[in-house]
Amino acid sequence: MNENTKSNQQPAATGTTTAATTTAATGTTTAAAVRTVLVTGGTGKTGRRVAERLTALGHTARIGSRTAPVPFDWADDTTWDAALEGVSAAYLAYYPDLAFPGAVETVGAFARRAAKAGVGRLVLLSGRGEEAAQAAEAAVAEAGTGWTVVRCAWFDQNFSESFFLDPVLAGELALPTGIAVEPFVDVDDIADVAAAALTEDGHDGEVYELTGPRLLSFADVAAELSAATGREIRFTAVSLEEYRAVLATVGLPGEFADLFSMVLDGRNAHLADGVRRALGRPPRDFADYARATAASGVWNV
């Protein structure tokens with residue numbers, strides 16, 4: 001995929017009403033057409049936040065989930081057309097992960113369906129260091145719409161809203177990572193970038209690689225969480241086989257262990273400037289996330 005490719009297509013208009021849009025980078029308020037935006041994974045970590053930002057900006061966020069008033073299911077293409085009706089932009093957060101078998105084909109087919117429906121802009125949530133994810137990025141870029149890729153490091157919020165929450169509460173992160181380091185990114189930064197790309201001009205054809213400002217090992221993460229919570233949280237390295245067994249106990253696919261091992265083999269041990277390029281500000285630090293999350297009480301035991 002050519003990251004410098006730009007699309008000349010503009011998002012399809014949904015009406016003449018305008019909304020005040022304030023850019024995160026400059027604080028400048030401008031008038032923008034009100035959009036109806038499909039947010040797939042709209043109840044998840046990133047999608048929920050993207051929807052909140054769209055609503056705050058005066059746009060209509062159509063939640064894409066199996067239980068939504070207009071149901072959407074990645075695995076059931078008969079739900080796609082109704083979910084896309086009247087939509088001018090869409091946020092694509094594929095579950096379980098773009099690296100899983102069949103993801104590239106599904107995302108590509110959906111992107112082409114969106115283009116046929118007149119959707120003007122697609123914003124794809126992608127992962128760093130995943131070849132299959134980059135193939136999905138290419139499929140979206142070739143679909144015939146405006147597009148932006150939001151390519152992300154591991155989420156800070158995995159430790160408070162996902163599969164790392166229970167280990168943090170138990171006081172031990174047992175993971176197959178060794179001394180690997182990762183530039184963990186705050187999901188609020190991801191949502192800010194995605195919302196900007198969905199509603200503002202100037203983001204078409206961009207690949208924003210999002211990271212936090214520091215490289216951290218999981219032992220470093222445990223230390224940050226210990227400092228924020230005021231109790232000891234340990235890191236223990238385990239084998240892939242042991243981690244697959246742990247995943248099975250919480251109902252997650254064993255393939256997550258392989259993905260975990262792949263993306264933490266050193267290929268992503270570098271920082272990127274996507275947050276600053278998209279928003280004109282630095283990314284949030286893991287320590288700030290940890291302090292704010294500890295204050296919320298989610299890690300209280």
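**Pockets, a cavity and helix contacts**

Modeller: Start with strand E8, which gives the largest share of the lining of the second largest pocket, 4 residues. This is a predicted model, so local features need pLDDT of at least 70 and side-chain atom pairs count only at pLDDT 80 or more, while totals for chains, interfaces and linings use all residues. Residues are numbered from 1 along each chain as its sequence is written, and side-chain values use heavy atoms, with hydrogens and water left out.

Biologist: What counts as a pocket, and what as a cavity?

Modeller: Both are sets of points on a 1 Å grid over the protein atoms alone. In a cavity, a 1.4 Å probe fits but cannot get out. A pocket is an open set with protein on both sides within 12 Å along at least five of seven lines. Lining residues have an atom within 4 Å of a point. Grid points are joined across faces, edges and corners, and a volume is the space filled by probe spheres set on the points.

Biologist: How much space lies in the second largest pocket?

Modeller: About 220 Å³. It has 15 lining residues, and the closest to its centre are Phe-163, Asp-166, Pro-167, Val-246 and Val-250. Helix H6 (165-170), strand E8 (172-175) and helix H9 (240-249) each give two or more residues to this lining. Helices (H or I, at least four residues) and strands (E, at least two) are DSSP runs, numbered from the N terminus.

Biologist: How does that lining divide by class?

Modeller: Into 12 nonpolar, 1 polar and 2 charged residues. Ala, Val, Leu, Ile, Met, Phe, Trp, Tyr, Cys and Pro count as nonpolar; Asp, Glu, Lys and Arg as charged; the others, Gly among them, as polar.

Biologist: What is the volume of the largest pocket?

Modeller: About 1,200 Å³. Of its 41 lining residues, Lys-45, Tyr-94, Tyr-95, Pro-96 and Asp-97 are the closest to the centre. At least two lining residues come from each of helix H1 (45-56), strand E6 (121-127), helix H5 (158-161) and helix H10 (255-263). The classes are 18 nonpolar, 15 polar and 8 charged.

Biologist: Is the peptide bond from Tyr-95 to Pro-96 cis or trans?

Modeller: Most peptide bonds are trans. The bond from Tyr-95 to Pro-96 is cis, with omega near 10 degrees. Look for Pro-96 in the loop between strand E5 (89-92) and helix H3 (103-116).

Biologist: Which residues line the largest cavity?

Modeller: Trp-154, Phe-163, Tyr-243, Leu-247, Leu-252, Phe-256 and Phe-260. H9 and H10 each give two or more of the lining residues. The volume of this cavity is about 30 Å³. By class, its lining has 7 nonpolar, no polar and no charged residues.

Biologist: Now the helices. How is an angle between them read?

Modeller: Axes are lines fitted to C-alpha atoms, for helices over the stretch in contact, and angles run from 0 to 180 degrees between N-to-C directions. Under 35 degrees counts as roughly parallel, over 145 as roughly antiparallel, 65 to 115 as roughly perpendicular and the rest as oblique. Take H3 and helix H4 (residues 131-141): they pack at about 15 degrees, with axes 8 Å apart. H3 is therefore roughly parallel to H4.

Biologist: Which residues of H3 and H4 meet?

Modeller: Contact means heavy atoms within 4.5 Å. Val-104, Val-107, Gly-108 and Ala-111 in H3 meet Ala-132, Ala-135, Ala-136, Ala-139 and Val-140 in H4. That contact has 8 nonpolar, 1 polar and no charged residues.

Biologist: Why are H1 and H7 called oblique to each other?

Modeller: The axes of H1 and helix H7 (residues 187-199) come within 8 Å and cross at roughly 50 degrees. H1 and H7 are therefore oblique to each other. Their contact divides into 8 nonpolar, 2 polar and 5 charged residues.

Biologist: Is the crossing of H8 and H12 left-handed or right-handed?

Modeller: A crossing is left-handed if the near helix is turned anticlockwise from the far one by less than a right angle, and right-handed if clockwise. The crossing of H8 and H12 is right-handed. Helix H8 (residues 218-229) and helix H12 (residues 286-296) pack at about 40 degrees, with their axes 9 Å apart.
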